[in-house]
Amino acid sequence: MLPSENRLRRRQDFATAVKRGRRAGRPLLVVHLNRDGAAGGRTDRNSDTSPHVAEGSPSARAGFVVSKAVGPAVVRNLVKRRLRHLVRDRLALLPAGSLIVVRALPPAGAASYLDLEQDLDAALRRLLRAEPTGSAPTGAGR
């Protein structure tokens, strides 16, 4: 399970990660990473009083999008559980305060855990070696 302080819940946070962040597409999933997610920040009422919010720098937060195109509810939930587990183990690699949204594509429904892991790792490697947001768009110069 992904800890409460590491979850994206608000539509605005998802939109910030998708619109302002960098994107890396793979055959099974698309990963959006906004390194300066703290600027899009925690302005909700409970952020200051929540016992789950760590003191100091904000932790990286993750959200998942698994549409009906992936498959029936059982398959979608399986894909979400697998992705949550994979991202939880990789949160320490992300800059503090960053927002990450993992969107599963339809082939993810038939993919194995290992296939999802390989695609997620490849996407994160690409995003983390890329220059910070505000530079040339992903795929520029190719």
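This report describes the fold, the helices and several individual residues of a predicted model of a single protein chain.

## Overall architecture

The model is predicted, and its chain contains four helices and four strands, which follow one another along the sequence in the pattern α-β-β-α-β-α-β-α. Of the 142 residues in the chain, 38% count as buried. The accessible surface comes to about 8,100 Å², and carbon and sulfur atoms account for 52% of that area.

Contacts across the sequence can be described by the separation of the residues that they join: among contacts between residues at least 6 apart in sequence, 81% join residues at least 24 apart.

## Confidence in the model

The average pLDDT of the chain is 82, and 76% of the residues score at least 70. Over residues 39-54, however, the pLDDT is below 50, and in the model this stretch has 19 contacts beyond near neighbours in sequence. Where pLDDT is low, the predicted coordinates should not be read in detail.

## Helix α1 and its two sides

Helix α1 covers residues 11-20, and its buried residues are Asp 13, Thr 16 and Ala 17. Seen down the helix axis, these buried residues fall within an arc of 90 degrees, so they line one face of α1. The face turned away from this buried side carries the exposed residues Arg 11 and Lys 19.

Val 18 also belongs to helix α1, but with a relative accessibility of 38% this residue counts as partly exposed. Val 18 touches His 32 and Val 101, when residues up to four places away in sequence are not counted. Although Val 18 and Val 101 are 83 residues apart along the chain, their C-alpha atoms are separated by 7.1 Å.

Arg 61 is found in strand β3, which comprises residues 61-66. Its relative accessibility is 9%, and because buried means under 20%, Arg 61 counts as buried. The side chain of Arg 61 is joined to that of Asp 13 by a polar contact of 3.2 Å, and Asp 13 is itself one of the buried residues of α1.

## Helix α3

Helix α3 runs over residues 73-88, and its 16 residues should span 22 Å at 1.5 Å a residue; the C-alpha atoms at its ends are 22 Å apart, which agrees with that expectation. The buried residues in α3 are Arg 76, Val 79, Leu 83, Leu 86 and Val 87. They cover an arc of only 95 degrees around the axis, which puts them on the same side of α3. The elements that cover these buried residues include β2 (29-34), β3, β4 (99-104) and α4 (113-129).

Arg 84 is likewise found in helix α3, yet this residue is partly exposed, with a relative accessible area of 26%. Leaving aside residues up to four places away in sequence, Arg 84 touches Leu 2 and Phe 64. The C-alpha atoms of Arg 84 and Val 102, which lie 18 residues apart along the chain, are separated by 9.3 Å.

## The loop between α3 and β4

Ser 98 is located in the loop between α3 and β4, and at 1% relative accessibility this residue counts as buried. The side chain of Ser 98 reaches the backbone oxygen of Pro 95 at a distance of 2.7 Å.

## Helix α4

Helix α4 has 17 residues and reaches 24 Å from its first C-alpha to its last, close to the 24 Å expected at 1.5 Å a residue. Its buried residues are Leu 116, Asp 119, Leu 120, Ala 122, Ala 123, Leu 124 and Leu 127, and they pack against β1 (22-25), β2, α3 and β4.

Not counting residues up to four places away in sequence, Ala 123 touches Ala 24, Arg 26 and Val 31. Its C-alpha atom is separated by 6.8 Å from that of Arg 26, although Ala 123 and Arg 26 are 97 residues apart along the chain.

Conventions: Residues numbered from 1 in each chain as written. Predicted model: local features only at pLDDT ≥ 70, side-chain atom pairs only at ≥ 80, totals over all residues. Heavy atoms only, no water. Buried < 20%, exposed > 50% of the residue type's maximum accessible area, 1.4 Å probe, protein only. Contact = heavy atoms within 4.5 Å. Areas by Shrake-Rupley, 256 points an atom, 1.4 Å probe, with all protein chains shown as cover. Polar contact = N/O pair within 3.5 Å; in protein donor to acceptor, adjacent residues only side chain to side chain. Expected span 1.5 Å × (residues − 1). Arc of directions from axis to C-beta. pLDDT = per-residue confidence, 0-100.
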